[in-house]
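Keep the viewer open as you read.

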Amino acid sequence: IRQATAPMTFDEYASLYFSQHRIDQLWGWWMLRETNPPLFYTLLKVWRMMVPDSQPALRLLPMLLSLAQIALVARFARQRYGVFSAAVAVLLFALSPSDIFQSEDVRGYVLCKLAVTVSFIGLVGALEGEGRRARQWALYVGGAVVAIYSHTTLLLWTPVATLAAFAEAAIARKIDRRRLVALVAADCAIAALSTWAVWFAVEQLRSGAPDLL
């Protein structure tokens, strides 16, 4: 297992560097020197307060996040398609080289994937009327916001998901206006909660990220 043998990479050391700083620095102007939003670094900061400062302990965090994502995917697949589909989904994740690497990498990518998985499951449940719809919308909004604050590119998740939902409704010719209006309202909530991340991205594009000094 790579956690116990491989040295930390440059990006992992960058994660450790940022996680050593104060919360007000991570969530303020100082953070403009980094291209990624600060949520994962904040989580890593808290994690380092609870575990030994060793490579296996540090790399346990992304591994736990990866296992949580696999469990969610397996549960979702089992409920919709059966046990066999859930087993196939788990196997695909377990054998995927990129997923294996990211599950051992002290970076925010696994947190992004977990958050998008939660958001996707919530969106599907809300649009299909499964369970408590308010809870499903909350999962969609909450997962999207966590994803956005984990990586700037996830600002694209909400518009892509919304376009896909509208396209699916148009193709199926089953347009439920109330649910689509609820989707737009949820998107507005995501946009409002993501104001800091949007500001963060705009300021970096406008002024350029300062040197890491």
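1. Leaving aside its neighbours within four places in sequence, which residues is Ser 103 in contact with? They are Arg 59, Pro 62, Met 63, Ser 66 and Val 110. Do keep in mind that this is a predicted model.

2. You will find Ser 103 in helix H7, which covers residues 97–103. Ser 103 counts as buried because its relative accessible area is 10%, and buried means under 20%.

3. Next, have a look at helix H9, residues 133–148. From its first C-alpha to its last, this helix of 16 residues reaches 23 Å, close to the 22 Å expected at 1.5 Å a residue.

4. Which residues of H9 are buried? They are Gln 136, Trp 137, Tyr 140, Val 141, Gly 143, Ala 144, Val 145, Ala 147 and Ile 148. These buried residues pack against four helices: H8 (109–128), H10 (157–172), H11 (177–193) and H12 (195–207).

5. Tyr 140 also turns up in the largest nonpolar core, a set of 43 residues in which Leu 44 and Tyr 140 have the most contacts. Two or more residues each come from H2 (10–19), H4 (39–50), H5 (55–81), H8, H9, H10, H11 and H12. The most come from H8, which gives 8 residues.

6. As for Leu 44, it touches Ser 15, Leu 16, Ser 19, Leu 58, Leu 61 and Val 106, not counting residues up to four places away in sequence.

Conventions:
Residues are numbered from 1 along each chain as its sequence is written. This is a predicted model: local features need pLDDT of at least 70, side-chain atom pairs count only at pLDDT 80 or more; totals for chains, interfaces and linings use all residues. Side-chain values use heavy atoms; hydrogens and water are left out. The expected span of a helix is 1.5 Å times one less than its number of residues. Buried means under 20% relative accessible area, exposed over 50%, partly exposed in between (1.4 Å probe, protein chains only). Contact means heavy atoms within 4.5 Å. A nonpolar core is a set of buried Ala, Val, Leu, Ile, Met, Phe, Trp, Tyr and Cys residues joined through side-chain atoms within 4.5 Å.
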